[in-house]
Amino acid sequence: MLRSMIREMEAGKNPYLNMLRGRMDRENYEKLCAIPDSRVHQFIAEAAELCNPKEIFICSDTPDEIAYIKHMAIASGEESAALETPGHTFHFDGIYDQGRDREVTKFLVPKGDYLSPALKQIDRNEGLKEIFGLLKNSMVDRTMIVRFLILGPANSVFTIPCMECTDSWYVAHSVSLLYRKGYETFLKMKADAEFFKTLHSCGRMDERKISVDHEKKRIYIDYVTNTVYSVNTQYAGNSIGFKKLALRLTIRKAHREGWLAEHFMIMGVHGPSGRKTYVAGAFPSACGKTSTAMLPGETILADDIAYLRNIDGVCRAVNAEVGIFGILKDVNPIDSPLLYGVLTSPNEIIFSNVLVKDAKPWWLGMGCELPNEGINFSGRWWKGKNGLNGKEIPPASENARYTISLNALPNCDPELDNPWGVELGAIIFGGRDYRAYVPIQQGYGWEHGIIAYGASLETETTFAITEEQGRYEINAMSIQDFVSIPLGQYIKNYLEFGKRLKRQPLVFGANYFLRDLRTGEFLNSRSDKHAWVKWIDLRVHGEAGARRAPTGLIPEYKDLAELFKQVLNKEYSMEDYRRQFTIRVPENLRKIKRVREFWSMQVTDAPKELFNVLDEQERRLVKAREEFGNYIPPDKFEEE
């Protein structure tokens, strides 16, 4: 009682709490008063004055409150529990809200500041005026839910407190699965602590609880105040501020403080004698990231965002999140048996933008015939239904998703919440390269690997086979869309980070999509990546040899033959080895030309080390061509 009275007296001196006193009941008001930081009160008070909600719900992370949020997501109609498997719910976003919206996601840039012209941006004053205009009175007759969360494990050097004000019970429910609870962190947060904030409103909704003003969708990032503003959207990548939106803020924080915030999966790879090697990986969309992280027999620690720090000379990493907002397409019992089993078993899972029929969720590529009718993001759906653009609407979105806690997975790594993170033994950069790079190779060192595989990460955007038809897109480190500092500086930070380490992770380049130049057939099956990952583990511990190719260190045949037998129970022939690991000099030289043009023409501050590494690789390729010709079998190269 005395403590409550003291808080009440202190609150009376706080103008922001005074503003909020009449907007919430006593229970919620006391939960907010318990947080000592007036900046928290200010953000909520200003959000309430702007959005004008009917009431405010402060979530203090009790089990009852978490359960109430899930109940309200269903009771409000934003989610439906009409699925036969216990724990499963589904949510629909509008037909125009099926993914991250690059065009309306912008940085708010103050006058006199500079960001790369490759980044979407708007004058800060202009952008704030616009977004505040759209948020004005957007929560009338609704509840504003306030969630307190943390990025990274609790009580850790990696911890970043964050908070979100939203009028979406679906968003509030989703973060329960995706992030660690943060109310206790805010109770003891220091007065000078940096924290991230998000203000989100669905805007006007129709009877299906879908945002209708899609043409007024805006997602603006104010790095001056570490705030994300989002309106007229429900798609989680646009509305949950701590996915890729906060990654942009975290990259700036990491730049200031000398660590790395990355678009990484992290897996634990089991090796001989019971050891486990932690391997991180960056792969653009549809390049094998999730399927690598979910390899059977290994553990998953992260699937999307990781923080890397130098701790006593060792590269240690954590998962910023504790859940997965994953793509459903092509998850089936043949290619993804573990994940498919989880998604079809009783668990707390939110399915979004799937087809619903017979109380089951259906998605593209799930390995069976889909129903010819049901309900989906377009409403009642039937095969042959066309959208307003005249194109046929698919049964489920190409970007249909599932939201689930990592702890629901049987292969969740036990070190997920270790405040010190895990030591990384290796980092993989993998793209979709039909012509040039071999399936797996190791950099000659940190600098070579970061530049030749990371800064040169390239995805071919069509399935064309001829060079003229293929379209290539550089996506440095698979993070280019989110880099909120000059891109050249980002590469410099990587190089400097590696120099300061006493033990550098080995760096590898992966390419699961190499095709035969004549027939166009893929040279690998989907399961082969498991052998490449096991080779990486052996290389980290010095237990496998390599050959010195112009583009990096490539496996020896005897090691791969043994791994294919042990891991996949497959015979691996010398013919397979030669087809997969022949160095294609013309295609690799063209790749270097494209990469060099990108970094010299589209980036103004690329470090000289980048061009030096590309030049050295070009010289090695030219020299090898002079000795062996344009297409060089792997056994022509000397052993390490």
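Four bridges join strands β2 and β18, and the two run parallel. One of the residues involved is H91, whose bridge partner in β18 is S352. Keep in mind that this is a predicted model.

Now the sheet around that pair. Strands of a sheet pair through backbone hydrogen bonds, either parallel or antiparallel. Here the sheet is open and has four strands, in the order β2-β18-β23-β17, with mixed pairing. Its edges are β2, residues 88-91, and β17, residues 323-327, each of which pairs on one side only. On average, neighbouring strands in this sheet are turned by 20 degrees against each other, ignoring direction.

Next, V354. Where does V354 sit? It lies in the loop between β18 (349-352) and β19 (355-357). Is V354 buried or exposed? Its relative accessibility is 0%, so V354 counts as buried. Leaving out residues up to four places away in sequence, V354 touches F92, L328, P361, W362, I375, N376, P395, A396 and A400. As for W259, 95 residues from V354 along the chain, the C-alpha atoms of the two are separated by 38 Å.

Last, a pair of helices. The axes of α5, residues 63-75, and α7, residues 169-178, come within 8 Å and cross at roughly 140 degrees. The two helices are therefore oblique to each other. The crossing of α5 past α7 is left-handed. On the α5 side, the contact is made by I66, Y68, I69, K70, M72 and A73; on the α7 side, by W169, Y170, A172, H173 and S176. Sorted by type, the residues of this contact are eight nonpolar, two polar and one charged.

Terms used
Residues numbered from 1 in each chain as written. Predicted model: local features only at pLDDT ≥ 70, side-chain atom pairs only at ≥ 80, totals over all residues. Heavy atoms only, no water. Buried < 20%, exposed > 50% of the residue type's maximum accessible area, 1.4 Å probe, protein only. Contact = heavy atoms within 4.5 Å. Pairing = 2+ DSSP bridges. Axes fitted to C-alpha atoms, helices over the stretch in contact; angles between N-to-C directions. Parallel < 35°, antiparallel > 145°, perpendicular 65-115°, else oblique. Left-handed = near helix turned anticlockwise from the far one by under 90°. Nonpolar A, V, L, I, M, F, W, Y, C, P; charged D, E, K, R; others polar.
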